[in-house]
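Reader: I would like a close look at one part of this protein, taken slowly. Could you walk me through the core and what surrounds it?

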Amino acid sequence: MWSDIKKKITHYKESGSLVSVSHEPLAIGILTPIMQRAHRLRSSSEIAFVDSTASCDADNHVITFLLVQSPYGAIPAGVIITAGQSQKDYQSGFLALNNLLEGFAFNGKGSPSVFITDDSSACVGICLAPVMPFSHHASRMVLALGCKTL
């Protein structure tokens with residue numbers, strides 16, 4: 001598995017992507033050139049959406065997408081691949097991604113004003129707090145109910 005990951009990392013880096021890998025627990029943060037540009041948009045400092053898809057392969061890895069708003073709709077601003085959906089897995093993944101974002105994350109603000117997560121994993125919100133302490137967190141369900149307090 002690690003030899004395949006190393007080959008893919010080399011390919012990503014050759015194409016201008018930034019990659020951060022944590023071995024224990026497994027967490028990979030990826031920022032393609034388009035994702036890097038997304039963080040330079042002024043609107044990226046306002047709202048970010050996090051969504052995870054589990055059981056993506058035989059090893060049950062989880063792929064988590066970070067999207068930010070733009071005048072053109074939601075655009076990708078990062079990808080995290082983790083070994084599972086535990087708090088430790090997500091925290092390691094968000095730290096891996098955060099290591100790549102130093103200095104230009106969310107238009108230089110460091111974190112968006114609001115993080116919206118899918119309601120399938122409350123753990124994501126808990127794990128965002130230490131990595132992005134200046135963001136409010138809301139689940140999609142809370143926003144759908146019209147809650148005005150984030």
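Author: Happy to. The largest nonpolar core has 26 residues, and those with the most contacts inside it are Leu31, Leu66, Leu97, Leu101 and Phe106. A nonpolar core here is a set of buried Ala, Val, Leu, Ile, Met, Phe, Trp, Tyr and Cys residues joined through side-chain atoms within 4.5 Å. Two or more residues each come from α1 (2-14), β2, α2, β3, β4 (62-68), β5 (75-82) and α3. Of these, α3 gives the most, with 4 residues. Helices (H or I, at least four residues) and strands (E, at least two) are DSSP runs, numbered from the N terminus. In soluble globular proteins, nonpolar side chains tend to be buried together.

A word on the source: this is a predicted model, in which local features need pLDDT of at least 70, side-chain atom pairs count only at pLDDT 80 or more, and totals for chains, interfaces and linings use all residues. Residues are numbered from 1 along each chain as its sequence is written, and side-chain values use heavy atoms, with hydrogens and water left out.

Setting aside neighbours within four places in sequence, leucine 31 is in contact (heavy atoms within 4.5 Å) with residues including Ser17, Gln36, His39, Ala77, Leu97, Leu101 and Phe104.

Histidine 39 sits in the loop between α2 (33-38) and β3 (47-53). With a relative accessible area of 0%, histidine 39 is buried; buried means under 20%, exposed over 50% and partly exposed in between, using a 1.4 Å probe and protein chains only. Not counting residues up to four places away in sequence, histidine 39 touches Leu31, Ser44, Leu66, Ala77, Leu101, Phe104, Ala105, Phe106 and Asn107. The histidine 39 side chain also reaches the backbone nitrogen of phenylalanine 106, at 3.0 Å.

That leads us to phenylalanine 106, found in the loop between α3 (87-100) and β6 (114-117). Phenylalanine 106 is buried too, at a relative accessible area of 0%, and has a phi near 50°, a positive value in a residue other than glycine. Asparagine 107 lies in the loop between α3 and β6 and has a positive phi as well, near 60°. Asparagine 107 is partly exposed, with a relative accessible area of 36%. Most residues other than glycine have a negative phi, and most peptide bonds are trans.

One last stop concerns a peptide bond: from glutamate 24 to proline 25 it is cis, with omega near -5°. Proline 25 lies in the loop between β1 (18-22) and β2 (27-31).

Terms used:
Polar contact = N/O pair within 3.5 Å; in protein donor to acceptor, adjacent residues only side chain to side chain.
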